[in-house]
There are 6 protein chains.
Amino acid sequence: MPIQAINARNQFKGKIIEIVTGPVVSEVLVGTPFGTVTSVITTRSINELELRIGSDVVALVKSTEVSIAKL
Amino acid sequence: MPIQAINARNQFKGKIIEIVTGPVVSEVLVGTPFGTVTSVITTRSINELELRIGSDVVALVKSTEVSIAKL
Amino acid sequence: MPIQAINARNQFKGKIIEIVTGPVVSEVLVGTPFGTVTSVITTRSINELELRIGSDVVALVKSTEVSIAKL
Amino acid sequence: MPIQAINARNQFKGKIIEIVTGPVVSEVLVGTPFGTVTSVITTRSINELELRIGSDVVALVKSTEVSIAKL
Amino acid sequence: MPIQAINARNQFKGKIIEIVTGPVVSEVLVGTPFGTVTSVITTRSINELELRIGSDVVALVKSTEVSIAKL
Amino acid sequence: MPIQAINARNQFKGKIIEIVTGPVVSEVLVGTPFGTVTSVITTRSINELELRIGSDVVALVKSTEVSIAKL
């Protein structure tokens with residue numbers, strides 16, 4: 001289902017640079033201008049979306065999931 | 001309590017550029033060299049951490065909270 | 001940015017039936033075949049996505065966010 | 001501890017139709033009259049709740065975890 | 001719908017000691033023998049569950065939502 | 001990067017009492033005055049933070065991640 005736009009305010013566009021595959025979840029490293037963004041998603045999604053090293057993706061984060069630390 | 005390091009793999013360092021204050025939660029916009037990161041945290045935390053426009057902060061995201069979309 | 005597909009395994013397609021607007025976050029009720037799905041997103045997203053009663057949307061949930069209770 | 005009611009606004013009642021077990025987390029597919037809901041929980045919880053194919057469960061989602069995409 | 005048990009591994013039993021009500025979400029402070037646990041839920045849930053100062057509740061946290069910081 | 005303070009309102013200080021290691025994520029059990037707090041984080045973080053049985057840590061939970069159940 002193609003999506004026109006999503007509410008996730010934080011969108012980090014990039015290319016997949018590494019995938020660590022587990023039996024249930026996998027770790028996806030996305031190279032972006034912000035640096036490497038790491039995501040853990042189901043291995044089932046990796047397969048269904050046919051994610052590979054080099055795939056063009058966007059990492060999405062809902063703003064309620066972002067914490068703030070003071071330096 | 002000062003913290004030496006945290007597991008959140010996604011850390012975006014920047015300065016607060018805008019705060020929208022609500023009665024319970026507030027929206028914090030963090031300007032980073034690569035774009036704005038948006039966070040929603042409690043207004044109570046804004047006050048206790050004394051967050052202001054210009055505060056040096058790091059926006060933190062746990063990797064299990066990051067979704068991946070295919071372009 | 002149009003998206004081809006997203007990893008969120010739980011996708012509930014429907015129409016917005018109610019929006020409760022707050023200063024920072026808003027509550028969006030989506031009528032779906034599963035029943036009403038409730039989402040809390042930033043009011044900024046409501047405005048930017050131009051969400052209205054009747055808008056065609058899909059409510060998305062990452063599977064790591066789903067709890068299981070035994071009846 | 002039996003619970004009378006929970007705040008999670010999104011509750012999907014169904015039966016477990018598949019469990020993929022990993023060393024730390026497992027994927028639970030819940031069949032509902034309107035489609036499958038997928039959850040990732042700890043394998044420890046699977047064992048303690050004695051979840052099996054056919055168990056009657058409810059999948060719960062907090063509304064702050066629900067994203068909205070425009071079609 | 002009464003629930004027999006839930007997968008949330010982190011359960012903090014206590015009494016509500018404060019509620020800050022907003023138009024969409026509210027902040028609930030739960031006093032436990034070991035300290036206060038803070039939750040933000042929809043104001044709609046506060047009303048439907050008839051939560052009040054003194055209500056006996058349990059605060060629940062999915063283990064995938066818990067971060068670890070090193071001291 | 002040392003952190004002065006973080007917005008996470010729920011902070012449970014303790015010592016690691018058990019680690020279950022998986023290929024992608026690991027389960028960390030932290031003994032605290034509140035009881036055992038369970039966290040699932042990436043195995044990569046376990047290694048980088050050099051978390052071991054006995055490490056002094058604080059388990060952090062954002063208040064938007066805390067559900068409330070009525071007893």
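**Reading chain A and the B–F pair**

Author: Chain A has one helix and six strands. Helices (H or I, at least four residues) and strands (E, at least two) are DSSP runs, numbered from the N terminus. This is a predicted model: local features need pLDDT of at least 70, side-chain atom pairs count only at pLDDT 80 or more, and totals for chains, interfaces and linings use all residues. Residues are numbered from 1 along each chain as written, chains are lettered from A and ligands numbered from 1 in written order, and side-chain values use heavy atoms, without hydrogens and water.

Reader: Which pattern does chain A follow along the sequence?

Author: The order is β-β-β-β-α-β-β. The C-alpha trace of chain A spans about 35 × 30 × 25 Å along its principal axes.

Reader: What percentage of the residues in chain A is buried?

Author: Buried means under 20% relative accessible area (1.4 Å probe, protein chains only). In chain A, 63% of the 71 residues are buried.

Reader: How is chain B superposed on chain F?

Author: Copies are superposed by least squares on the C-alpha atoms of residues with pLDDT of at least 70 in both. Here a rotation of 180° with 0.0 Å of shift along its axis superposes chain B on chain F, RMSD 0.4 Å. That is the relation of a two-fold axis. The C-alpha of B:Ile3 is the nearest in chain B to the axis, 2.5 Å from it.

Reader: Which surface serves the two copies?

Author: Contact means heavy atoms within 4.5 Å. The same surface serves both: 100% of the contact residues of chain B recur in chain F.

Notes. Buried means under 20% relative accessible area, exposed over 50%, partly exposed in between (1.4 Å probe, protein chains only).
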